[in-house]
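The sequence and the structure come first.

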Amino acid sequence: GIATIQALFQEYDNVLLSDEGLWTVTYSGQDDIWDMLQNESEETGFSIKVIVYLRRQDEFVSSWWNQKVKMGKRRYSTTSWNEFIQNVNDILELNYYRNLERISNRIGKENVIVRRFGKRYFKNKSIYEDFFDALGLEFTEEYRIKEEERNKGLNGSAIEIKRILNDMPNLESKDNVLLRKMVMDVASARPENRNGSLFSEEEAIAFLEQYLDDNRKIMREYLGK
């Protein structure tokens with residue numbers, strides 16, 4: 001990977017890497033990757049900026065579980081929502097502040113750019129405009145988006161239907177793909193059922209309470225609010 005970056009810098013002034021795995025390995029204890037990148041940047045002469053989009057914890061866990069169920073044949077793809085949410089802190093790192101500090105301690109807090117994920121937070125309610133703004137660029141008409149919406153989630157009863165189908169014995173990959181398409185078609189026919197969270201408003205508030213102090217630190221130290 002480093003060799004690829006070095007080769008790209010021979011042709012371009014800026015190189016953009018997009019990999020959620022960098023965030024994942026940080027909270028799994030492999031945060032020495034940031035030392036490696038920082039050392040490489042000093043030796044090679046490039047600087048590092050990290051752009052992190054953080055989704056509200058209740059919305060993130062809903063989306064994460066939804067994705068596992070939708071894809072099927074993966075760990076947690078047959079786990080019920082109630083069982084998943086009861087053990088979610090053993091499965092996911094939802095203390096965003098701790099992960100941000102791990103990265104900041106390696107490359108400097110001034111090099112970490114935090115944005116809030118959600119249409120209501122995006123510049124002009126556009127993820128594309130918001131990301132360009134984070135890069136210090138303007139999203140103009142010269143850029144063309146090939147597909148407006150990717151990786152659609154399931155909704156309503158379609159989630160539970162797919163979860164049950166995922167538990168079919170001897171489910172083969174080709175059958176899983178077919179079932180996923182069928183359930184996605186059903187979900188697409190009922191767009192009014194789409195919801196970013198599987199929590200009720202009261203449940204979401206109670207769930208977010210445990211992260212309140214850390215989220216306030218993020219707002220104050222990284223978002224300047």
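Not counting residues up to four places away in sequence, Thr79 touches Trp65, Phe84 and Arg163. This is a predicted model, and the values that follow are computed from it. Thr79 is found in the loop between α4 (57–71) and α5 (81–86), and with a relative accessible area of 12% it is buried, because anything under 20% is placed in that class.

**Individual residues**

Glu101, a residue of helix α7, also counts as buried, its relative accessibility being 19%. When its neighbours within four places in sequence are left aside, Glu101 is in contact with Lys109, Glu221 and Tyr222. Ser157, by contrast, is exposed; it lies in helix α9 (residues 157–166), and its C-alpha atom is separated by 31 Å from that of Trp23, a residue 134 positions away along the chain.

Two loop residues deserve a remark on backbone geometry. Lys125 has a positive phi of about 60° although it is not a glycine, and its place is in the loop between β2 (112–117) and α8 (127–135). Asn170, likewise a residue other than glycine, has a positive phi near 60° and lies in the loop between α9 and α10 (173–188). Lys125 is exposed, and Asn170 counts as exposed too. The table gathers the accessibility values.

| Residue | Relative accessible area | Class |
|---|---|---|
| Thr79 | 12% | buried |
| Glu101 | 19% | buried |
| Ser157 | 55% | exposed |
| Lys125 | 57% | exposed |
| Asn170 | 76% | exposed |

**Helix packing**

Two packed helices are described by the angle between their axes and the distance between the axes. For helix α7 (residues 96–107) and helix α12 (residues 212–221), the axes come within 8 Å and cross at roughly 45°, and the two helices are therefore oblique to each other. On the α7 side the contact is made by Tyr96, Tyr97, Leu100 and Glu101, which meet Asp214, Lys217, Ile218 and Glu221 in α12. The residues of this contact divide into 4 nonpolar and 4 charged, with no polar ones. Glu101, named above for its burial, and Glu221, one of its contact partners, both belong to this set.

How do the axes of α4 and helix α11 (residues 201–208) cross, and within what distance do they come? They cross at roughly 110° and come within 9 Å, and α4 and α11 are therefore roughly perpendicular to each other, the range for that class being 65 to 115 degrees. Here Gln57, Asp58 and Val61 in α4 meet Ala204, Phe207 and Leu208 in α11, and the residues of the contact divide into 4 nonpolar, 1 polar and 1 charged.

In soluble globular proteins, nonpolar side chains tend to be buried together. In the present model the largest nonpolar core has 39 residues, and those with the most contacts inside it are Val61 and Leu100. The largest share of this core, 5 residues, comes from α7. Each of the two residues also takes part in a helix contact described above, Val61 in that of α4 with α11 and Leu100 in that of α7 with α12. Setting aside neighbours within four places in sequence, Val61 is in contact with Trp81, Phe84, Ile85, Val88, Leu92, Leu94, Phe199 and Phe207. Phe84 in this list is also touched by Thr79, while Phe207 is one of the α11 residues in the contact with α4.

**The chain as a whole**

The protein chain has 12 helices and 2 strands, and from the N terminus on its elements run α-α-α-β-α-α-α-α-β-α-α-α-α-α. Along its principal axes the C-alpha trace spans about 55 × 40 × 35 Å. Of the 225 residues, 36% count as buried. The accessible surface comes to about 14,600 Å², of which 47% belongs to carbon and sulfur atoms. Among the contacts with a separation of 6 or more, 70% are accounted for by residues 24 or more positions apart.

How values were computed:
Residues are numbered from 1 along each chain as its sequence is written. This is a predicted model: local features need pLDDT of at least 70, side-chain atom pairs count only at pLDDT 80 or more; totals for chains, interfaces and linings use all residues. Side-chain values use heavy atoms; hydrogens and water are left out. Axes are lines fitted to C-alpha atoms, for helices over the stretch in contact, and angles run from 0 to 180 degrees between N-to-C directions. Helices (H or I, at least four residues) and strands (E, at least two) are DSSP runs, numbered from the N terminus. Angles under 35 degrees count as roughly parallel, over 145 as roughly antiparallel, 65 to 115 as roughly perpendicular and the rest as oblique. Contact means heavy atoms within 4.5 Å. Ala, Val, Leu, Ile, Met, Phe, Trp, Tyr, Cys and Pro count as nonpolar, Asp, Glu, Lys and Arg as charged, and the others, Gly among them, as polar. A nonpolar core is a set of buried Ala, Val, Leu, Ile, Met, Phe, Trp, Tyr and Cys residues joined through side-chain atoms within 4.5 Å. Buried means under 20% relative accessible area, exposed over 50%, partly exposed in between (1.4 Å probe, protein chains only). Accessible areas come from the Shrake-Rupley method with a 1.4 Å probe; for residues, only the protein chains shown count as cover.
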